[in-house]
Amino acid sequence: ESNQVSNEGLKIFGKNLELLKALSNFSINFVGCHNISNDGVLEFSKSLRLLTKLAHFALSFDSCINLDEKILRLLSRFPIRFQDLDKLSIQILGNKFRMNSQGSRTNSLRPLSLELEFKRCIIVSDNGLTILGNHIKEMKSISNLSLSFQGCSQITAIHLEEFLNSLKAIKKLTSMSLNCDSSLGSSDSLSFLHQNWDLNNLSLKFRYTSKHSDGNFSNIFQNFHKMKNLELHFKQGEGDLTDGDFKQLVTSLQDLNKLSQFSLNCSINSLSYSSFSSFCHNMNNFKSLNVLDLTFHQCHKIGDSSLYEFSSSLKELTALKHLGLNFDNSSLITDDGLAVLFENIYPIRNLNSLNLKFKYLDKIRGKAFFKLAPNTCTFPKLTKMNIGFLNCRGLKDEGVEAICSSLRNLEALEEFQLHLIHCRNISDLSLKIISSSLAAINFLKNVELDFSLCDNITSLEFLAFTSFIKELQISAKISSNFVWPYTKNCL
């Protein structure tokens, strides 16, 4: 992290790598090194041939303004002795990248795992991603591929789709992760997944735009019967998923009966009750599921009846160890729906982590947590609990009391987070309730509380904590009438 680092310094450093011949894991990061250039870095990379036992190599550039597209020669210029490299990671952050020249072949590099991350890089060439794809598809040994393009504003959908299709040349993939800000919207934008890959892990995070009608999700996972971990994050954009898209997606999931981890994050304005109901019924096939994370943004039609359907399916997932639910702007949800959900959660005895978040749900009062309280005794392994409310104007002190009542039987609880942000109807009384409830949990070690923008909370003097707590984080809006009562000795 110094602009004094020069090409000459890199050359000297490279010559001394012979002192580190036993290294198997090597990571080097350049941050703000304005005086290093392509030639210096490429020359330094030649010295890496001295590290004959290297198995994992990670390289990162952040805001090194004199680097350009030629640095990608690193993908093809590694010494041939690295052909058994287990893991290769290259990260480009904040550089002025313009990939516009053909790169050389990469047949000398045989990594099992490849991670490429680009942040805030200006890729303006029509052939930029194609060039990168030409590098990658020559690495036929890759089984684990992770690609991230964030803040790369010039990447268009058509170029991204062409790049993804070039990945078809890789035959041995078992794990893949793709994270990008660009939109995918053509009917064959996800056709690269129609391969005979034996994927165990798949993570897709992108913006999807249905340009005409519904997309092409119906057969997207038809070849992935061995899939164990699946993460789908459809980032919000101008045109989000349609109800028809979601129906096709649900159909494609029905054969993934070996899933152990499933995460879905989506925004569907038109999501219908029937589509959500179909999704819930298909979840009954996930008997081996250990981790379930669901986030629904702007799904205005999700209400209590939807939660009834979901809760009846949830109680069948007895192998769950982590459950995460996030409802954002589903204004039809009330305490009645949550109460049914909490009543049906009790068969999941192996649960060790529970994450519940509610945003802009004005009809929630919090009283539904009284229904959760009697069932928490059936969670003997629950060690982590995270509850969050953002701008839920219906939440009052009585609701906070209900939330805290669910903690009383959690004798194994070690970590607790409670975020009450912009909930303007809770007062200092809630702090007293929280304090007394947390004091009764002897095993509690980490606590995080957030009362930001809760205007009726004026002081933290009502909070008191036991000596068992090892880590404490409190966030609150500090105003002119706010009282901070603690001294160093008191804490």
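Helices α7 and α8 pack with their axes 8 Å apart, at an angle of about 10 degrees. That angle makes α7 roughly parallel to α8. Please keep in mind as you browse that this is a predicted model. The notes below start with helix packing, then turn to the nonpolar cores and the salt bridges.

**Helices side by side**

- On the α7 side of the α7–α8 contact you will find Y273, F276, S277, C280 and H281, which meet S305, S306, E309, F310 and S313 of α8.
- Sorted by class, the residues of this α7–α8 contact come out as four nonpolar, five polar and one charged.
- A second pair to look at is α1 (residues 7–15) with α2, where the axes lie 9 Å apart and the angle is about 0 degrees. Because of that angle, α1 is roughly parallel to α2.
- The α1 residues N7, L10, F13 and G14 meet G40, V41 and F44 of α2.
- Four nonpolar and three polar residues make up the contact of α1 with α2, with no charged residues.

**An enclosed helix**

- Helix α6 spans residues 243–253, and eight of its 11 residues are buried, so this helix is largely enclosed by the rest of the structure.
- The buried residues of α6 are D243, G244, D245, F246, L249, V250, S252 and L253.

**Nonpolar cores**

- In soluble globular proteins, nonpolar side chains tend to be buried together.
- Here the largest nonpolar core has 118 residues, and those touching the most other members are I136, F149, F262, L264, L292, F296 and F389.
- Which residues does F262 contact, leaving aside its neighbours within four places in sequence? They are L230, L253, F279, F286, L289, V291, L292, D293 and L294.
- Another core, of 18 residues, lies apart from the largest one, and L17, F26, I36 and F44 are among its members.
- F44 also takes part in the contact between α1 and α2, while L253, one of the contacts of F262, is a buried residue of α6.

**Salt bridges**

- Side chains of opposite charge can pair when their charged atoms come close.
- How many salt bridges does the structure hold? There are eight, and three of them are described here, starting with K46 and E43.
- K46 and E43 form a salt bridge in which the closest N and O atoms are 3.6 Å apart. The two are separated by about one helical turn, because they sit three residues apart in helix α2 (residues 38–46).
- Both partners are partly exposed: K46 has a relative accessible area of 36%, and E43 has one of 43%.
- E316 forms a salt bridge with K287, with 3.8 Å between the closest N and O atoms. This pair links distant parts of the chain, 29 residues apart: E316 is in the loop between α8 (304–314) and β11 (322–328), and K287 is in the loop between α7 (273–282) and β10 (291–297).
- E316 is partly exposed at 36% relative accessibility, and K287 is partly exposed with a relative accessible area of 44%.
- R424 forms a salt bridge with D455, the closest N and O atoms lying 3.8 Å apart.
- R424 is partly exposed, with a relative accessible area of 42%, and D455 counts as partly exposed at 40% relative accessibility.

Terms used: Residues are numbered from 1 along each chain as its sequence is written. This is a predicted model: local features need pLDDT of at least 70, side-chain atom pairs count only at pLDDT 80 or more; totals for chains, interfaces and linings use all residues. Side-chain values use heavy atoms; hydrogens and water are left out. A salt bridge is a side-chain nitrogen of Lys or Arg within 4 Å of a carboxyl oxygen of Asp or Glu. Helices (H or I, at least four residues) and strands (E, at least two) are DSSP runs, numbered from the N terminus. Buried means under 20% relative accessible area, exposed over 50%, partly exposed in between (1.4 Å probe, protein chains only). Axes are lines fitted to C-alpha atoms, for helices over the stretch in contact, and angles run from 0 to 180 degrees between N-to-C directions. Angles under 35 degrees count as roughly parallel, over 145 as roughly antiparallel, 65 to 115 as roughly perpendicular and the rest as oblique. Contact means heavy atoms within 4.5 Å. Ala, Val, Leu, Ile, Met, Phe, Trp, Tyr, Cys and Pro count as nonpolar, Asp, Glu, Lys and Arg as charged, and the others, Gly among them, as polar. A nonpolar core is a set of buried Ala, Val, Leu, Ile, Met, Phe, Trp, Tyr and Cys residues joined through side-chain atoms within 4.5 Å.
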